[in-house]
Amino acid sequence: MTKEGIMPSLICPVCSSALKQTENNKSYTCENKHLFDMSKQGYTNLLLSHLKKSKHPGDTSEMVFARKEFLNCGHYEIVSNTLNQLAKSYCKNISHVNYTDLGCGEGYYTERLKNILNQFSETTACGIDISTPAIKSACKRDSTIQWLVASAFHIPVSPASQDLVSCLFFRFDAHEVSRILKTDGILICANTGANHLIELREHLYDNVKIDKSEAKITDEARLEHIETVSIKHSLKLTNNTEITQLLTMTPHYWRVTNDKKLALEKLNDLEVNLDIQLDVYRRTKAP
């Protein structure tokens with residue numbers, strides 16, 4: 001790191017030249033004079049306007065707050081712990097780990113994994129999300145992590161610079177991930193299984209569809225599958241606040257009718273099943 005919280009492998013989203021801090025440490029600039037200011041909260045916005053699909057892309061402030069409160073209660077701690085153990089097993093012999101979390105949200109998994117890595121290695125960590133409210137919230141977790149508003153499909157990170165990349169519950173571009181990983185670098189991604197939160201979905205929909213997302217990894221991306229770890233876990237929610245937070249942090253919040261939302265808000269307890277798989281890939285050498 002050039003200073004605490006600053007990752008030296010950032011590139012300009014306009015021209016892909018290396019980004020460096022200005023003398024006042026308040027902005028980034030490249031050799032072509034493209035300038036990006038750091039916010040007072042500590043993050044940098046590297047999301048170009050033509051890459052936005054809406055005026056305010058990504059999770060809203062309401063979704064971010066719900067996810068933060070829900071995750072802080074430890075409901076998904078089993079997911080974080082499993083991720084952390086996998087990362088530790090693959091990175092334990094690296095003296096300095098460069099780590100990027102794509103679709104980092106409000107930073108729960110990013111911060112916890114960075115703290116684990118710091119137990120045995122010097123770590124440079126970066127969290128990237130397209131949602132400004134999410135990144136603003138993440139800044140409050142750990143100021144030593146480089147937080148960026150940016151597109152995970154145009155990652156503003158240098159080629160072959162990262163030892164570890166994580167993509168949790170997030171559709172990503174495998175070729176972009178491969179580009180920023182070092183040879184033998186590790187990708188860990190999380191996807192939901194068919195029965196994930198099925199009890200919640202049964203309350204929301206008359207006909208429950210199979211809810212399964214998979215990362216599309218092709219041979220051309222040079223990402224070799226190493227292992228899969230499945231998480232099957234029962235989660236008991238004992239009050240309406242937690243149930244509402246769970247709904248608000250999922251895409252279902254935007255898909256269901258207000259009547260279904262109101263009916264769910266009347267529940268005071270709900271047991272749901274987590275059905276999640278973590279897949280580990282290694283970046284192979286170029287042919």
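What you're looking at is a predicted model, where local features need pLDDT of at least 70, side-chain atom pairs count only at pLDDT 80 or more, and totals for chains, interfaces and linings use all residues. Residues are numbered from 1 along each chain as its sequence is written, and side-chain values use heavy atoms, with hydrogens and water left out.

Let's begin with confidence. Over residues 1-5, pLDDT stays under 50. For that stretch the model has 16 contacts beyond four places in sequence, a contact being heavy atoms within 4.5 Å.

Now find helix H1, residues 61-72. Helices here are DSSP runs (H or I, at least four residues), numbered from the N terminus. One partner of H1 is helix H7, residues 240-248: their axes come within 8 Å and cross at roughly 130 degrees. Axes are lines fitted to C-alpha atoms, for helices over the stretch in contact, and angles run from 0 to 180 degrees between N-to-C directions. H1 and H7 are therefore oblique to each other; angles under 35 degrees count as roughly parallel, over 145 as roughly antiparallel, 65 to 115 as roughly perpendicular and the rest as oblique. On the H1 side, Glu62, Met63, Ala66, Glu69 and Phe70 meet Glu242, Gln245, Leu246 and Thr248 of H7.

H1 also packs with helix H4 (residues 132-139), at an angle of about 40 degrees and with the axes 8 Å apart. That pair is therefore oblique too. Here Ser61, Val64 and Lys68 from H1 meet Pro133, Ala134 and Ser137 from H4.

What about charges? Side chains of opposite charge can pair when their charged atoms come close. A search of the whole structure turns up 9 salt bridges, each a side-chain nitrogen of Lys or Arg within 4 Å of a carboxyl oxygen of Asp or Glu. One of them joins Arg112 to Glu77, with the closest N and O atoms 3.7 Å apart. This pair links distant parts of the chain, since Arg112 sits in helix H3 (residues 108-117) and Glu77 in helix H2 (residues 77-91), 35 residues apart.

Finally, go back to H7 and pick out Asn240, which lies in that helix. Asn240 and Asn268 are 28 residues apart in sequence, yet 4.7 Å apart in space, C-alpha to C-alpha. Leaving aside residues up to four places away in sequence, Asn240 touches Leu264, Glu265, Lys266, Leu267 and Asn268.

Notes:
pLDDT is the predictor's confidence in each residue, from 0 to 100. Helices (H or I, at least four residues) and strands (E, at least two) are DSSP runs, numbered from the N terminus.
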